Amino acid sequence: MQNTPQQMKAMAVDEFGEPDKLTLHTLPVPTVDAGEVLIRIEIAGVGIWDAMEREGELVYNEVHFPRVLSGDNVRVSSPPSAIASSVLPSAIAFMRKAL
């Protein structure tokens, strides 16, 4: 991806628990392995499963902290849209997905 930043902003938890455990983090942009792609996420939704994951009731992959929640990505683009970049400049995050 052209001009991929080194860091991103993301809401994450440092331990399982209630909503007060969510804090804004500055994290490194994920690196990708063979068979994966990096996706720029402009806006992400929150589902009931996010609360369950935050509380430690739903764990679907290796547990590590800080743990970024949300698999419900509602808008992805590359390059980012001018609207999202100007209205939500700190809401840009990245995730990696297997092909």
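Helices (H or I, at least four residues) and strands (E, at least two) are DSSP runs, numbered from the N terminus. The model is predicted: local features need pLDDT of at least 70, side-chain atom pairs count only at pLDDT 80 or more, and totals for chains, interfaces and linings use all residues. Residues are numbered from 1 along each chain as its sequence is written, and side-chain values use heavy atoms, with hydrogens and water left out.

Arginine 54 lies in helix H1. With a relative accessible area of 8%, arginine 54 is buried (under 20%; exposed is over 50%, partly exposed in between; 1.4 Å probe, protein chains only). Contacts (heavy atoms within 4.5 Å) of arginine 54, not counting residues up to four places away in sequence, include Val13, Phe16 and Leu69. Its C-alpha atom is separated by 9.1 Å from that of valine 68, 14 residues apart along the chain.

The structure holds 1 aromatic pair. Rings of Phe, Tyr and Trp (its six-membered ring) pair if their centres lie within 6.5 Å; planes under 30 degrees apart count as stacked, over 60 as edge-to-face and the rest as tilted. Phenylalanine 16 and phenylalanine 65 are edge-to-face, at 5.1 Å centre to centre and 75° between the planes. Phenylalanine 16 sits in the loop between strands S1 (7–13) and S2 (22–28), and phenylalanine 65 in the loop between helix H1 (48–54) and strand S4 (67–68), 49 residues apart. Phenylalanine 16 is partly exposed at 28% relative accessible area; phenylalanine 65 is partly exposed at 37%.

An open sheet of 3 strands has the order S2-S1-S4, with antiparallel pairing (at least two DSSP bridges between two strands). S2 and S4 stand at the edges, each with a single partner strand, so one side of each lacks a neighbour in the sheet. S1 and S4 are joined by 2 bridges. Valine 13 stands opposite arginine 67 in S4.
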